[in-house]
Amino acid sequence: MDVPATGAPSGGSDGQAAWNRFERDRTLRALRARWRTASLAAGWRFPSDWGLPEVDAVCAAVIKNGRVAPAEVAETALAGLGRARAAAGAGLAETLADLAALHAVLADPDAVDGFLAPDVDSTPSRLLRVTALAWADVATDQLVNTEVTEPLTGLPTAAYLRTRLSELYRQARRDERPVAEAHTLLVVSMDFSSVAGWPRLTGMILVADALKQVFDGGESVASIGPSVAGALVPKDVRLASSGVALRRALNERLSVDAQLRDTGRPQISAVRLPATYELACDLLGTLARS
């Protein structure tokens, strides 16, 4: 192939397209190599773990017509890289240093052979890193310490009840006996069709308080729906006497408010647990809509 003085191949449009692809691939490989070198200089600890498919996606996103474009055009690819770094176990500080290395490479495309030591402690980079790390510390702590309870009633959520049921069904499978032989779901439902707003919220707070008073011996008490709560009660608990005590506690609490008295008596029922965990989850869904 004849190569003109400009370095571009001859051969018309096909030759030009091939040359453009060659230039783009060469620029992409050069950017990736310079970024890796700069990232190692910034403190990336394990060189073998640096390369990910998402790295190539970022490089491809910032290469336009054989030239390096601003990093802003790669926001989607960078988000993918951030998720991939987290999934691979890279810490936030290391990931941000890697990002600073990319920024340094893009900001100084003429650095010789990629030997560039990004200043990860420069004012913008340091402000970003310190703020992000502090935010992540608190967010992670909140996630770890989040309770599976409703803030209003203080009852565990239906998600907690499903988890508890999952444990019981696994135990039942191991013991080769139905869950219904050992536990019953006691359900309290309220008809709030005639009231709305604060009376309904107050009613569920009182229902929660009554349930927690009666079932205070380790039974799993939880909110099931907007107007439904329940307790997962072992069969060795005296269910009949517990039901009577629960109705008494509910009547005492609900009778103090005229609007709540108008809602009628709360419905208390003992529901037999079905044969499988999947059917139990369906049952909770049905109860939540009742």
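Strand β4, residues 220-225, is mostly covered, with 6 of its 6 residues buried, where buried means under 20% relative accessible area with a 1.4 Å probe and protein chains only. Helices (H or I, at least four residues) and strands (E, at least two) are DSSP runs, numbered from the N terminus.

This is a predicted model, in which local features need pLDDT of at least 70, side-chain atom pairs count only at pLDDT 80 or more, and totals for chains, interfaces and linings use all residues. Residues are numbered from 1 along each chain as its sequence is written, and side-chain values use heavy atoms, with hydrogens and water left out.

Back to β4. A hairpin through 2 residues joins β4 to β5, and the two strands, β5 being residues 228-234, pair in the antiparallel sense over 5 bridges; pairing requires at least two DSSP bridges. Serine 223 stands opposite alanine 229 in β5.

Next, helix α10. In α10, the residues Ala280, Leu283, Leu284 and Leu287 are buried. Seen down the helix axis, the buried residues of α10 fall within an arc of 100°, so they line one face; the arc is taken from the directions from the axis to the C-beta atoms. They pack against α6, β3, β4, β5 and β6, contact meaning heavy atoms within 4.5 Å.

Last, the aromatics. Rings of Phe, Tyr and Trp (its six-membered ring) pair if their centres lie within 6.5 Å, with planes under 30 degrees apart counted as stacked, over 60 as edge-to-face and the rest as tilted. The count comes to 2 aromatic pairs. Tryptophan 35 and tryptophan 50 have ring centres 5.3 Å apart and planes at 90°, so this pair is edge-to-face.

Methods. Buried means under 20% relative accessible area, exposed over 50%, partly exposed in between (1.4 Å probe, protein chains only).
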